[in-house]
Amino acid sequence: MQLRIPGPTPCPPQALEAMARQMMNHRGPEFGKILNSITEKLKQAFQTKGDVFVLTASGTGGLEAAIVNTLSPGDKVLSLANGVFAERFADIAEKYGAEVAHLNFEWGKPVSLDAVEEALRTDGNIKAVLATHNETSTGMTNDIKEISAVVEKFDKLLLVDAISSLGCISLPTDDWHCDIVVTASQKGWMVPPGLAMVSVSEKAWQAHSKAKMPRYYLDFSKAKDYLEKGQTPWTPAISIFYALDATLDLMLSEGLNNIFARHARVGQTARNGVRSLGLSLFPDEKYASNTVTAVNATDRIDVARLIQVLREEHEVIIAGGQQKLSGKIFRIGHLGLVYDRDIKLILEALNKALPRAKKG
Ligand SMILES: *Cc1c(COP(=O)(O)O)cnc(C)c1O
């Protein structure tokens, strides 16, 4: 079976075998060793010297942690949104009482840097900027380096959803002044859902010391205190920690730059392939993501039928569009455990399935 949705992604045998291990005391030295080893390896993957915490939560829990740990009710934040996940990030901030200034862009189109600059210049009260590195819903990667350069000029906090990019597409957390970066285990990390991984900069800690949003389970102060003892504040998803320890070893032995290059190659193969089938990409080409390819279905393709034919006749699982893109696009996930040969298989299946999913 080819599971090619943008998460959960397939797990290598090393991860599956690691999870067969017996439970251990999460307050004992054995778990402490695993937690410390994971944390050190994650710092390399995040390209940070700051703190990294592993929370037992899905990615959305990590986004919530970013908000509640750095902001107070009434704080103004600038949301840069061009897709489903960016809107979710802003929604979380709103629910916790932040005042959100929405800078919305057409889905699949890049964030206008001029608009960001203008917004930050005209409203001195903005405290933080919410950005999405890889917008999984539209298959595009936002230019965090450029966005960060603007945010840096105004010395604001930059909170980044890198859930479907970190570990696949380079995001140098420290060099690009990202104050919080969030990712999740079931995306590029090749392990099951259940863990959110977050980095915290010095500036984010300063904001944390004044942040008054209610928080308990996701409190970074508790995570830091416990990490110093080789523990997590609450019972962690131990089996997924076993798996992550194993896949991080695989990733570091492959080498981060090689992983980024592999995703770039696989992404290019996917894009060339869908174009050679006479299809077009949903997002602006220049920003097309190396972890998920979003394809226009046009009015000729029945997306639900296409997904069904691929699943039933080719054992290929792909994703449809979300929210207003439902029925309009389909998405091929290619992150984590993925090689050129996998994409070639998907494209062959797609070539056979497309005529069977014609409308009318
Ligand atoms: C998958 C994803 C999320 C949501 O993560 P969950 O683990 O489902 O909570 C958020 N943002 C992006 C960009 C994602 O790809």
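Predicted model: local features only at pLDDT ≥ 70, side-chain atom pairs only at ≥ 80, totals over all residues.
Let me start with Ile34: setting aside neighbours within four places in sequence, it is in contact with Arg21, Met24, Phe241, Tyr242 and Asp245. One of its contacts, Phe241, is 207 residues away in sequence, yet the two C-alpha atoms are 7.5 Å apart in space.

Now take another residue of that helix. Gln44 also belongs to H2, which covers residues 29-46. Gln44 has a relative accessible area of 45%, so it counts as partly exposed. Once neighbours within four places in sequence are left out, Gln44 is in contact with Leu252 and Leu256. Between Gln44 and Pro172 there are 9.7 Å, C-alpha to C-alpha, while in sequence they are 128 residues apart.

Next, the ligand. Which residues are around it? They are Ser58, Gly59, Thr60, Phe85, Arg88, Asn134, Thr136, Asp161, Ile163, Ser164, Gln186 and Lys187. Sorted by type, this shell has 2 nonpolar, 7 polar and 3 charged residues. Two helices, H3 (59-70) and H4 (84-95), each contribute at least two residues to it.

Some atom pairs here can be listed with distances. A polar atom in the side chain of Thr136 is 2.5 Å from an oxygen atom of the ligand. In the side chain of Lys187, an N or O atom lies 2.6 Å from a ligand oxygen. How much of the ligand's accessible area does the protein cover? On its own the ligand has 380 Å² of accessible area, and the protein covers 89% of that.

Now helix H7, residues 202-210. Its buried residues are Ala204, Trp205, Ala207 and His208.

What covers the buried residues of H7? The cover includes strands E2 (51-56), E8 (157-161), E9 (180-184) and E10 (195-200), together with helices H3 and H8 (220-227). H3 has come up already, as a helix that supplies residues to the ligand shell. At the start of H7, a side-chain oxygen of Ser201 comes within 3.3 Å of the backbone nitrogen of Lys203.

Last, some backbone details in loops. Gly7 and Pro8 are joined by a cis peptide bond, with omega about 0 degrees. Pro8 is in the loop between strand E1 (2-3) and helix H1 (13-18).

Asp155 is not a glycine, but its phi is positive, at about 55 degrees. This residue lies in the loop between helix H6 (144-153) and E8. With a relative accessible area of 54%, Asp155 is exposed.

Thr298 also has a positive phi, near 50 degrees, and is likewise a residue other than glycine. Its loop runs between strand E11 (292-296) and helix H11 (303-314). Thr298 is partly exposed, at 38% relative accessible area.

How values were computed:
Residues numbered from 1 in each chain as written. Heavy atoms only, no water. Near = heavy atom within 4 Å. Polar contact = N/O pair within 3.5 Å; in protein donor to acceptor, adjacent residues only side chain to side chain. Areas by Shrake-Rupley, 256 points an atom, 1.4 Å probe, with all protein chains shown as cover. Helix = DSSP H or I, 4+ residues; strand = E, 2+ residues; numbered from the N terminus. Nonpolar A, V, L, I, M, F, W, Y, C, P; charged D, E, K, R; others polar. Buried < 20%, exposed > 50% of the residue type's maximum accessible area, 1.4 Å probe, protein only. Contact = heavy atoms within 4.5 Å.
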